[in-house]
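Keep the viewer open while you read, and look up each spot as it comes along.

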Amino acid sequence: MIKHIRGLHHVTSMASDARANNAFFTHVLGLRRVKKTVNFDQPDVYHLYYGDELGSPGSVMTYFPFPNMDKGAAGVGEVSVTTFGVPDGALPFWKERLLALNISGLSEAIGFGVNRLEFDGPDGERLALVEDAADLRAPWADGGVHADVAIRGFHSASMRVRDEGATGELLQFMGYQAEEQEGAISRFRMQDGDVATIIDVETLPGMPMARSGAGSVHHIAFAVENRAAQLEVRKQLLDTGYQVTPVIDRDYFWAIYFRTPAGILFEIATNEPGFDRDEERAHLGETLKLPAQHAHLRAQLEAHLQVLE
Ligand code: ZN
C-alpha cells in the first residue's frame with residue numbers, strides 16, 4: 001500500500017467563460033484567486049487557481065476556461081461533485097447568499113449524517129458545501145465572506161462509476177479505507193491524511209459514460225509532501241501496472257498522472273514549491289504569470305486573453 005498520499009491537492013475543471021468563472025469563485029464563493037496563468041499545452045487558454053490565502057494543498061479549485069466550450073454531460077467515469085467544508089452552522093448563511101445571488105440548482109440534503117448544500121457552478125458543475133466542525137483551517141478572510149462562515153477548503157470529492165470494485169481497490173491501495181455506505185455511495189477516508197481526506201464513490205451500473213466539456217472535472221489531484229515521496233508513489237503505481245506519466249514540472253508543484261480503471265484522470269501533486277514561488281504573498285494571482293517556455297508570448301497573450309475584472 002502507498003503511504004505517502006495526504007488527501008486532496010487540487011481539482012481541475014473546464015469552463016466556457018473565464019470572466020464568469022472568476023466572478024463565481026472569487027465573488028460568490030469568496031475564494032482567493034491565487035494564480036492567473038495559462039495552460040501549459042495551450043497557452044492561449046487561462047489556467048485559473050482559486051483557494052485559501054496561499055492556495056494550500058487541499059483548498060485549490062482550478063479551471064481551464066476554453067471560450068465558448070460546449071457543456072459536458074454528467075455520467076459515470078468522472079468526478080461528479082466537488083465539496084467544500086464550512087464551519088458548523090454556516091449553511092443557513094450560504095443558502096441565503098446563494099439564493100440572493102440567483103445561483104441555480106440549490107438543494108439541501110443530509111449525507112452521512114451531515115448537513116449538505118449542493119448547487120451549480122457557472123457551467124452547471126455540481127458543487128457542495130458541508131458543515132464540518134472538525135475542520136480548523138483558516139479561511140481566506142479577504143474574499144467578502146465573513147471568516148465565521150467562509151469556506152475552509154475541500155471537504156471531499158465524489159466520483160461516479162459503473163462498478164466500484166477496481167476504484168475501491170485503487171483507493172485502498174492509495175491509503176484510503178472503506179468507511180461507510182449510504183445507498184449507492186461508498187465513503188472512503190484517509191485516516192492519517194492532512195486535509196480533504198474523503199472520497200465518495202457512487203455506483204451507477206446503468207448510467208452512460210460522462211461526456212467531457214465545460215463544467216466537467218478534467219482531473220483530480222492528490223497531495224504528496226515532496227518530490228521524493230512522489231517518486232516512491234510513481235514506482236509503486238508502475239509496479240502495480242498503472243501507466244503513469246513521467247514527473248512534469250507545473251511551476252507551483254510537480255505532477256504525475258494516470259488514468260483509473262473507471263476512466264478518471266488522477267494526478268499526484270507535490271506540496272512544494274507552492275504558489276508564492278514567483279509572487280509576493282500579498283499579491284498572489286493579480287498579474288498574469290507565464291511558464292518560462294511561453295514567456296515570449298506575453299504581448300500577444302495579454303492582448304488575446306479575456307479581461308477577468
Ligand atoms: Zn492538476
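## The whole chain

Of the contacts in the protein with a separation of 6 or more, 67% are between residues 24 or more positions apart; a contact here is heavy atoms within 4.5 Å. Before going on, some ground rules: this is a predicted model, where local features need pLDDT of at least 70, side-chain atom pairs count only at pLDDT 80 or more, and totals for chains, interfaces and linings use all residues. Residues are numbered from 1 along each chain as its sequence is written, and side-chain values use heavy atoms, with hydrogens and water left out.

The protein has 5 helices and 16 strands. Those are DSSP runs numbered from the N terminus, with helices being H or I of at least four residues and strands being E of at least two. With a radius of gyration of 18 Å, close to the 19 Å that the globule rule gives for 309 residues, the protein is as compact as a globular protein of that length. (That radius is taken over C-alpha atoms, and the rule is 2.2 Å times the number of residues to the power 0.38.) Taken along the principal axes, the box filled by the C-alpha atoms is roughly 50 × 45 × 35 Å.

How much of the protein is buried? Buried residues make up 55% of the 309, where buried means under 20% relative accessible area, exposed means over 50%, and partly exposed is in between (1.4 Å probe, protein chains only). The accessible surface comes to about 13,200 Å², and 50% of it belongs to carbon and sulfur atoms; the areas come from the Shrake-Rupley method with a 1.4 Å probe.

| Residue | Element | Relative accessible area |
|---|---|---|
| His-9 | strand 1 (residues 8-15) | 4% |
| Ile-220 | strand 13 (residues 217-224) | 0% |
| Phe-24 | helix 1 (residues 18-28) | 6% |

Start with His-9. What does the side chain of His-9 join in a polar contact of 2.8 Å? The partner is the side chain of His-10. A polar contact is a pair of N or O atoms within 3.5 Å; within protein, one must be able to donate a hydrogen and the other to accept it, and residues adjacent in sequence count only if both atoms are side-chain atoms. A polar atom of the His-9 side chain also lies 3.0 Å from the backbone oxygen of Thr-270. Not counting residues up to four places away in sequence, His-9 touches Pro-57, Phe-154, Phe-222 and Asn-271, among others.

Next, Ile-220. The C-alpha atoms of Ile-220 and Phe-266 are separated by 5.3 Å, though the two are 46 residues apart along the chain. Leaving aside neighbours within four places in sequence, Ile-220 has contacts that include Leu-8, His-10, Val-79, Met-159 and Phe-266.

Then there is Phe-24. With neighbours within four places in sequence set aside, Phe-24 is in contact with Leu-29, Ile-103, Phe-119, Asp-120, Gly-121, Pro-122 and Leu-127.

## Around helix 3

Now find helix 3 (residues 164-173), where Thr-167, Gly-168, Leu-170, Leu-171 and Phe-173 are buried. What covers them includes strand 9 (153-161), strand 12 (198-203), helix 4 (227-239) and strand 16 (265-273). At the start of the helix, a side-chain oxygen of Asp-163 reaches to within 3.1 Å of the backbone nitrogen of Gly-165. Just after the helix comes Gly-175, with a positive phi of about 110°.

Most residues other than glycine have a negative phi, and most peptide bonds are trans. Asn-102 is not a glycine, yet has a positive phi of about 60°. You'll find Asn-102 in the loop between helix 2 (91-100) and strand 6 (107-111), and it is exposed, at 68% relative accessibility.

Asp-251 also isn't a glycine and has a positive phi, of about 70°. Asp-251 sits in the loop between strand 14 (248-249) and strand 15. Is Asp-251 buried or exposed? Asp-251 is buried, with a relative accessible area of 17%.

One last stop: the peptide bond from Glu-272 to Pro-273 is cis, with omega near -5°. Pro-273 belongs to strand 16.
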